[in-house]
Amino acid sequence: QDADGVIAHFADGGSERGAVLIGADGGRSVVRKHIFGDHDTKPRYSGVTIWRSAVRLDGALRQDTARLCLGPGQTFVMFPVGRERIYWGMGKREPEGGTVPSEDVRQMLCEQLGEFLPLAREIVQATPEKEVIRTAIYDRDPDRTWLKGRVALLGDAAHLTTPFVGQGAGISMEDSVRLAKELALTEGLRDQRMLAPALQAYERERLPRCSKIVLSSRRRGQVLFWRNPALVATRNAMFRSLPAAARRALLRSSLNYEV
């Protein structure tokens, strides 16, 4: 980048020049390297791997219902996606760097779902083997900045998070709306004097909230995947005794935000 713009060079040999570069290129962002260089923080493995997919299974789950099953060191979540499909995910503690079995993935998962709802096994068995995806779950310690001159980060590139409060995609969309609003003040990026203040305002508004979500999700993941029997019993008793109003308040604390 220089005083008048920034150039992005691509792997195919091409390049593009513009007034600003937004790095929305995911948890393994290339753009991050141009902001932090050798001082960049590495993604942190959460200790959890999730096996997941979506399946058509008519009538198995009400449209207004999501279910979360908890066990020692593992979870199973299911919720409707549209009118015809059910998303499911089985999370469990695994060492980093595990591999995908060459066959019988569904059988392996069902064997570990023995104490969960029968519906969990039914949903897994109904899923085509080739459509089951294994994902190791990472996050990253919150950063102090997402900016370097005309370069800014957005989404997972800025705040890689675990999915345990369900806000990874949500806060990325919030980023986009806030950034668009701030850049609208630059007259379509033509007013160069407003560019730096717009990016700084975007960072100032978004960084604290996203850092809070990352750390909140990390803490919840630790609780959800406890394996110690005493801690598991305490967690389950706590969840059972938590009033519905308190659960809604916790949900609102993650969702309520105006961009």
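## The second largest pocket

In this predicted model, the second largest pocket holds about 330 Å³ of space. Its lining comprises 13 residues, and those that lie nearest the centre are Ile7, Ala8, Leu21, Val31 and His34. By class, nine of the lining residues are nonpolar, three are polar and one is charged.

Two elements, strand E1 (6-9) and helix H1 (31-36), each contribute at least two residues to the lining of this pocket. Strand E1 gives the most, with four residues.

## The sheet of E3, E10 and E9

Leu21, one of the residues nearest the centre of the second largest pocket, also takes part in strand pairing, where Leu21 stands opposite Val151 in E10. The sheet concerned is open and consists of three strands in the order E3-E10-E9, with mixed pairing. Its edge strands are E3 (21-23) and E9 (147-148), each of which pairs on one side only.

Strand E3 runs parallel to strand E10 (residues 151-153), and three bridges join the two.

Strand E6 (residues 74-81) has an antiparallel partner in strand E5 (residues 67-71), to which five bridges connect it. Within this pairing, Leu68 stands opposite Val77 of E6. The hairpin of E5 and E6 has two residues between the strands, and Gly73 there adopts a positive phi near 75 degrees.

Strand E6 also pairs with strand E7 (residues 85-93), again in the antiparallel sense, over eight bridges. Here Met78 stands opposite Trp88 in E7. Three residues separate the strands of the hairpin formed by E6 and E7, and Gly82 in the turn has a positive phi of about 70 degrees.

Which residue other than glycine has a positive phi near 55 degrees? It is Glu187, which lies in the loop between helix H5 (168-183) and helix H6 (195-224).

Leu189 is likewise not a glycine, yet its phi is positive, at about 70 degrees. This residue also lies in the loop between H5 and H6. Is Leu189 buried, partly exposed or exposed? With a relative accessible area of 28%, Leu189 is partly exposed, because this value lies between the cut-offs of 20% for buried and 50% for exposed residues.

Conventions. Residues numbered from 1 in each chain as written. Predicted model: local features only at pLDDT ≥ 70, side-chain atom pairs only at ≥ 80, totals over all residues. Heavy atoms only, no water. Pairing = 2+ DSSP bridges. Buried < 20%, exposed > 50% of the residue type's maximum accessible area, 1.4 Å probe, protein only. 1 Å grid on protein atoms, 1.4 Å probe; cavity = no way out; pocket = protein on both sides within 12 Å on 5 of 7 lines; lining within 4 Å. Points joined across faces, edges and corners; volume = space filled by probe spheres on them. Nonpolar A, V, L, I, M, F, W, Y, C, P; charged D, E, K, R; others polar.
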